[in-house]
Amino acid sequence: MSEQTVAEYRIEDLAHHSGATVRTIRAYQDRGLLPKPERRGRSNVYRDTHLARLRQIADLLDRGYTLASIKELLEAWDAGRGLGGVLGLVAEVHGPWTDEEAARISRKELNERFGGRPDDDAVGEACELGVLERIPDRPDQFLVPSPQELAVAAELYAAGVPLTAITGHLRELRGQVEHIASRFLEFTTEHVFARYLGEVPPTDADAAEAATMVRRLRPLAQQTVDAELARAMRLFATRHLQQHLGAPGAAQPTGPSPVALPAGTVRAVQELVGAEHVAEFVRAATERELQARTMNELARRGER
């Protein structure tokens with residue numbers, strides 16, 4: 001194509017090249033996300049700039065951004081503030097947070113690693129958890145985002161842990177790890193990224209600096225969790241072993257253990273019965289609850 005030749009598209013052609021529908025293109029125009037086309041007679045003419053904009057919008061939507069936030073970014077770019085740094089930051093955050101590479105596994109290999117018998121329910125749950133991903137048009141093949149995670153599950157199963165217990169443990173663990181990730185992001189945002197992201201959308205330079213910081217800080221969360229997990233495992237594994245082997249110092253207390261009540265609860269009881277009667281009140285309330293539960297249990301047995 002010569003320098004004088006500029007690509008032109010009808011809306012149907014633009015939809016074909018971009019992957020968007022005609023209806024979506026018109027909706028983007030109405031919302032101000034896409035520049036209006038050139039009017040030529042009765043036809044609208046679109047150019048490569050429209051195609052590039054549609055691809056940018058699709059990429060940002062795939063990364064989880066809303067149309068409202070995308071509009072802010074594009075308006076900043078149109079105002080001459082630049083978008084390269086922002087898109088670089090988006091790509092950095094959405095990039096891989098591990099060096100591990102995904103792999104594929106056949107249904108036959110999967111069955112062999114987990115007992116040799118097909119288990120559709122287990123496979124379905126693994127797909128729901130994202131441990132496996134189905135491959136379109138290949139029912140006998142699965143994508144494994146984390147081969148390491150699948151290997152851990154296989155080792156636990158070989159050691160005698162039921163698949164239902166493994167998946168249940170993973171669900172619980174995932175919730176706890178997501179909490180850790182959320183807290184780490186809050187911590188780093190407050191103390192590191194706030195200075196780069198104070199303006200919405202950030203300037204091109206600030207976004208580029210923030211992307212550099214993401215690259216620097218990316219491994220820190222995993223390194224910290226690895227170190228703390230190793231410390232905790234050493235501590236608790238030792239305690240568990242002492243308890244099971246009856247080692248000195250592992251005896252469990254046989255008498256009553258103190259229970260800490262919330263401060264608000266203690267204050268409420270003090271206002272009700274006075275500070276000198278708090279312990280007596282708590283003891284009486286506990287005994288009444290135990291008696292009520294005993295009576296309920298006896299009544300249920302009598303109904304059988």
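Trainee: Where do we start? Among contacts between residues at least 6 apart in sequence, what share joins residues at least 24 apart?
Mentor: Contact here means heavy atoms within 4.5 Å. Among contacts in the chain between residues at least 6 apart in sequence, the share that joins residues at least 24 apart is 57%.

Trainee: And what kind of model is it?
Mentor: It's a predicted model, where local features need pLDDT of at least 70, side-chain atom pairs count only at pLDDT 80 or more, and totals for chains, interfaces and linings use all residues. Residues are numbered from 1 along each chain as its sequence is written, and side-chain values use heavy atoms, with hydrogens and water left out.

Trainee: How many helices and strands are there in the chain?
Mentor: Both are DSSP runs numbered from the N terminus: helices are H or I with at least four residues, strands are E with at least two. Counted that way, the chain has 12 helices and 6 strands.

Trainee: What percentage of the 304 residues is buried?
Mentor: Buried means under 20% relative accessible area, exposed means over 50%, and partly exposed is in between (1.4 Å probe, protein chains only). Of the 304 residues in the chain, the buried ones make up 25%.

Trainee: Let's take helix 1. Which of its residues are buried, and why are they on the same side?
Mentor: Helix 1 covers residues 11-18, and its buried residues are Ile11, Leu14, Ala15 and Ser18. The arc is that of the directions from the helix axis to the C-beta atoms. These four are on the same side of helix 1 because they cover an arc of only 100°.

Trainee: What covers those buried residues of helix 1?
Mentor: The cover comes from both strands and helices. It includes strand 1 (8-9), helix 2 (22-31), strand 3 (43-47) and helix 3 (48-62).

Trainee: Ser18 is a polar name in that list. Which backbone oxygen does its side chain reach?
Mentor: Ser18 lies in helix 1 and is buried, at a relative accessible area of 19%. Leaving aside neighbours within four places in sequence, Ser18 is in contact with Ile25, Leu51 and Leu54. As for the backbone oxygen, its side chain reaches, at 2.8 Å, that of Leu14.

Trainee: Now helix 7. Which residues are exposed on the other side from the buried ones?
Mentor: In helix 7 (residues 120-129), Ala122, Val123, Ala126, Cys127 and Leu129 are buried. They cover an arc of only 165° around the axis, so they sit on the same side of helix 7. What covers them includes helix 6 (107-113), strand 5 (133-135), strand 6 (138-144) and helix 9 (163-191). Exposed on the other side are Asp120, Asp121 and Glu128.

Trainee: Which residues are linked in a network of salt bridges with Arg47?
Mentor: Arg47 is partly exposed, with a relative accessible area of 24%. Its side chain also meets that of Glu38 in a salt bridge (2.6 Å, N to O). The residues linked with Arg47 in the network are Glu8, Glu38 and Arg40.

Trainee: Last stop, helix 10. What separates Glu228 and Arg231 along the helix?
Mentor: Their side chains meet in a salt bridge, 3.1 Å from N to O. Because Glu228 and Arg231 are 3 residues apart in helix 10, what separates them is about one helical turn.

Notes
Salt bridge = Lys/Arg side-chain N within 4 Å of Asp/Glu carboxyl O. Polar contact = N/O pair within 3.5 Å; in protein donor to acceptor, adjacent residues only side chain to side chain.
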